[in-house]
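I opened my notebook to get to know a structure that was new to me. Here is what I looked up, in order.

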Amino acid sequence: MNLTLKIWRQKDANDKGKIVDYPMSDVSPDMSFLEMLDVLNQELIDKNEEPIAFDHDCREGICGMCSMYVNGRAHGPDSMVTVCQLHMRSFNDGDTIFIEPWRATAFPVIKDLIVDRSAFDRIQHAGGFISVNTSGNTQDANAIPIEKHNADMAFDAATCIGCGACVASCKNSSAMLFVSAKVSQFALLPQGQVEATDRVLNMVKQMDEEGFGNCTNTGACEVECPKGISLENIARMNREYLAASFKG
Ligand code: SF4
Ligand code: FES
């Protein structure tokens, strides 16, 4: 396949940035999207040009690092996949492909396609944990009966990989789907009840302080989430927040 890549280049956070064209030839449809970028970077290095900076780690859809827009969509044209799981067979010979970093005030660009998603880490630090007595008296988790339906929903919420596609696809840059997944995975389990009140209040407070926008129930986040995190989690977080506000 022969392609024209239009890639966002930006030296650092202060640089204005611009789209640069990169023609590519002989791209195999069996390559992953990131492998295709690896080939391009090798070509740039061979020409003594600066390679394109992009985040990646696991390359199997579990770390959430490979975040970028491909042709204006978070993680590209396929549903329920991250960019590392996207393959060139999803494109056609002769295509022009736009590749850009996430656009959100709370995710400033560091370089080229890499954005700073540490706002998510700070939200996690504000409440994304449980306290467990590890002094030798720890109760075996399997000894605590949990209703199957709740266990399944908690597991589904826990599959959020923190990629930020929900923020990137939201017209308000809201982080509600991410935060609600992190609240829900504990709210549905007995182990999460001890800090439940503080957790939801503190995580939502941190989310607001980081500069994410408000949720207006558009639902783009759910559509573009590579892990299928449901909007039901936002409804659950809102109930948790209301209950915690009365207690707090
Ligand atoms: S909710 Fe989905 S889109 Fe948002 S960070 Fe988690 S996995 Fe990514
Ligand atoms: S590189 Fe880990 S999810 Fe894509």
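This is a predicted model: local features need pLDDT of at least 70, side-chain atom pairs count only at pLDDT 80 or more; totals for chains, interfaces and linings use all residues.

C170 sits in the loop between α4 (165-169) and α5 (176-187).

Next I went to helix α2, residues 118-127. I noted S118, A119, F120, I123, A126 and G127 as its buried residues. What do they pack against? I found α4, α5 and α6 (196-209).

Then I turned to salt bridges, and the count came to 11.

One of them joins R89 and D30, with the closest N and O atoms 3.8 Å apart. R89 is in the loop between β4 (73-74) and β5 (96-100), and D30 is in the loop between β2 (18-24) and α1 (33-46), so this pair ties together parts 59 residues apart in sequence. R89 is exposed at 53%, and D30 is exposed at 58%.

E210 and R122 make another, at 2.7 Å from N to O. This pair links distant parts of the chain, 88 residues apart: E210 is in the loop between α6 and α7 (220-224), R122 in helix α2. I wrote down E210 as buried at 16% and R122 as partly exposed at 37%.

Last, I looked at D152 and K148, whose side chains meet at 2.8 Å, N to O. Both lie in helix α3 (residues 148-158), four residues apart, about one turn. D152 is partly exposed at 34%, while K148 is exposed at 58%.

How values were computed
Residues are numbered from 1 along each chain as its sequence is written. Chains are lettered from A and ligands numbered from 1 in the order in which they are written. Side-chain values use heavy atoms; hydrogens and water are left out. Helices (H or I, at least four residues) and strands (E, at least two) are DSSP runs, numbered from the N terminus. Buried means under 20% relative accessible area, exposed over 50%, partly exposed in between (1.4 Å probe, protein chains only). Contact means heavy atoms within 4.5 Å. A salt bridge is a side-chain nitrogen of Lys or Arg within 4 Å of a carboxyl oxygen of Asp or Glu.
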